[in-house]
Every structure is written in C-alpha cells, then in structure tokens.
Amino acid sequence: GFTYAPCDRETALEAVRRALELGVRAFDTAPHYGLGLSETRLGEALRLHARGTPCRVWTKVGRYLLPRAECDDLLAAGTIERDAVEWSNMHGHSECIFPSADPGTAEVADFTAAGAARAHAQSSARLRLAPPVVLSGLRVHDPDTDARCSAALAQDGAVAELVRLRRAGAIADVSIGCWSLAHVRRMLRSCPRGTFDSVMIAGRWNLIDQSAHELLVECQQLGVRVHNASIFASGLLAGGTTYQNKEAPSEILQRAERWAALAAKYGSSLAAVALHFALLPDIVELVAIGMRSSAEVEQNVQLLSERIDPRLWAEAQRKGLLPANLVRGL
C-alpha cells in the first residue's frame, strides 16, 4: 500500500521478485492498502515472477472500493450511509497514509456477507492469481468497533460468507486481521471452534507492546494459528520514528533506545531482535513485514540468519523491558 511515501511500479515489482528469489512464499495484502494499489501490484508481480512457484496470498474483506463519482451518487440516493465511507483513507485527506492512492477511488466499510462477497470479487479481479499461486485466505479486516464486530458475526455477516467460501473450496483459511485484541477475542469466542484458522494481530506482540500475550495463549489452546504484523512497531524498531502510524511519543522512543542498547550489548541489531522476538511463540506461524524495495527484502531476510543470545531475553526481563516469565508461557 506504500504507506507514508510513494513507491514506483518498477521498485514494487522488483521487491516481490527478490522476495520470491530469497524464498518468500506467503504474501498479505488488502483492498485498504493504497485503495487497491497493493493488490494490483502484488498480483502483477506474482504473474511476472512466480514462474510456477507455489505461493499463498491472503487479502481482506470488510471494505470494498467504488469510483468516487459512483460513491457520491449512491450517497445522494441514500443507498449507502455517509458513515460507511472511510473519508480519512481517501487521497488528499490529511489523515490518509497512502499518498499513491487513486484520488478517484472511495472506500466503503461493509461487514455483511454481501459486502464480503463484493470485496472478494473485487480483490480477485485486481490480483488475477493463477495456480500454483493461490488465494489461500481471507481476513475480516478491522472489525474494531462493536458495530463492525456485530455485523461480521451476524447470520448474514462476513464470517458466514468466509466460511461458505472455505466450504466451497475458494479459500483454505478463514482469518481475522485487527488491532483491537478485545474484538479478536470476541470473534473467537462467539463462533464455534474451528470457524477461524488463523488470526492476524497487528502491533500487539513486539518489543514495545506485548499485550497480545493472553490472546496468544488462547489461540494456542484453540489451535488457531497466529500471523504477527507490525513487528517493527510501525517502523520504530527498524530505524523509523513512527509508532502505531503516528510520530512516536518520547517515552516510546526511550524504550526503543533501551532495546537498541541491549541488542548492541549482545552483538545484535535492534531489527534482528525484533524479528526473532516476533517469532518466539510456537503458535506464530508467519510474520508480516512491509518491504518497499529489494534492498529492504534482502535486509529483512538477512535478519533471520542472525543468532540472538538467549541471555538477552533474560536481561530484558530483569530490566523491565519484558514482563517476567512472559516468553516462558508460550
């Protein structure tokens, strides 16, 4: 989705090519990311460069896209509610974090089964995947309010549509992708065991924030695999200054500096420590890392080869950077 800064087509395609070359076989995207641009470019890159290599792709439902003019007409006719349009994600809005988003595209939140089906159809058209590259799963994206969560869980909600698609063989993985741990827990507990195959947590299991610990234990008990996103805390742990998509406050910056000093003491980079921590729990199957260039792909793959001294985790607990016994329980 090219968050915060534009990325040209050639650079994006080359990043995917290099990822494939280095063994990456799973990709996560969404209609929300760049208002369709992420899906379009990922699909193009996989068609050009996968070359018969089996790959799995996850995208998301809960939002669909409309031409801005059509959206205005539907609003005028009362067909869609004004509150359903995600104005802050549109090109030109002061809060939009996707500068490459098409200014002629609007984003509409819809957590019904019909909305999920529409989002799935649009995503499939943008991705244009062909075997052995497959759409492995769909995530209910950001059911982070009570109203959105209720709509997704209703009999005619998005979850029901994803289960239907899995039953039909269109996908293998029914998932959730959400910042709000409370709403992830609500969805897991409101549905029969086996409804969800995985959950994607965002920004809740990294060196700065370990608030997903109880959820990880619950997922382990349920056999629901975890895909861990925002493992660099919105870039803060990889040399940036943002945290949760905003400028990091001073206390968070200081915490990152303490982690950097501890990593250096044990001969590791801060980014390597962050990546290895994200993968520590056995229930974490995948991590999702945003990479906008082939150089970033190479850097992140290289981090996996760094050995982290296990004494680092014990010292982090002694220093209060990690709660006592946090890692031991997983």
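Modeller: Let us begin with a definition: helices (H or I, at least four residues) and strands (E, at least two) are DSSP runs, numbered from the N terminus. Here we have a predicted model, in which local features need pLDDT of at least 70 and side-chain atom pairs count only at pLDDT 80 or more, while totals for chains, interfaces and linings use all residues. Residues are numbered from 1 along each chain as its sequence is written, and side-chain values use heavy atoms, with hydrogens and water left out.

Biologist: How many helices and strands does the protein chain have?

Modeller: The protein chain contains twelve helices and eleven strands.

Biologist: What is the radius of gyration of the protein chain, and what would a compact globule have?

Modeller: The radius is taken over C-alpha atoms, and the globule rule is 2.2 Å times the number of residues to the power 0.38. For 330 residues this rule gives a value near 20 Å, and the protein chain has 20 Å, which agrees. The C-alpha trace spans about 60 × 45 × 40 Å along its principal axes.

Biologist: What percentage of the residues is buried?

Modeller: Buried means under 20% relative accessible area, exposed over 50%, and partly exposed in between (1.4 Å probe, protein chains only). Of the 330 residues in the protein chain, 51% are buried.

Biologist: Which residues does a cis peptide bond join?

Modeller: The cis bond joins P131 and P132, with omega about 10°. P132 belongs to the loop between α4 (113–127) and β5 (133–141).

Biologist: Where is S268 found, and which residues does it touch?

Modeller: S268 is in the loop between α9 (250–265) and α10 (270–278), and is buried because its relative accessible area is 8%. Contact means heavy atoms within 4.5 Å. Leaving aside residues up to four places away in sequence, S268 touches A263, V273, E306, R307 and I308.
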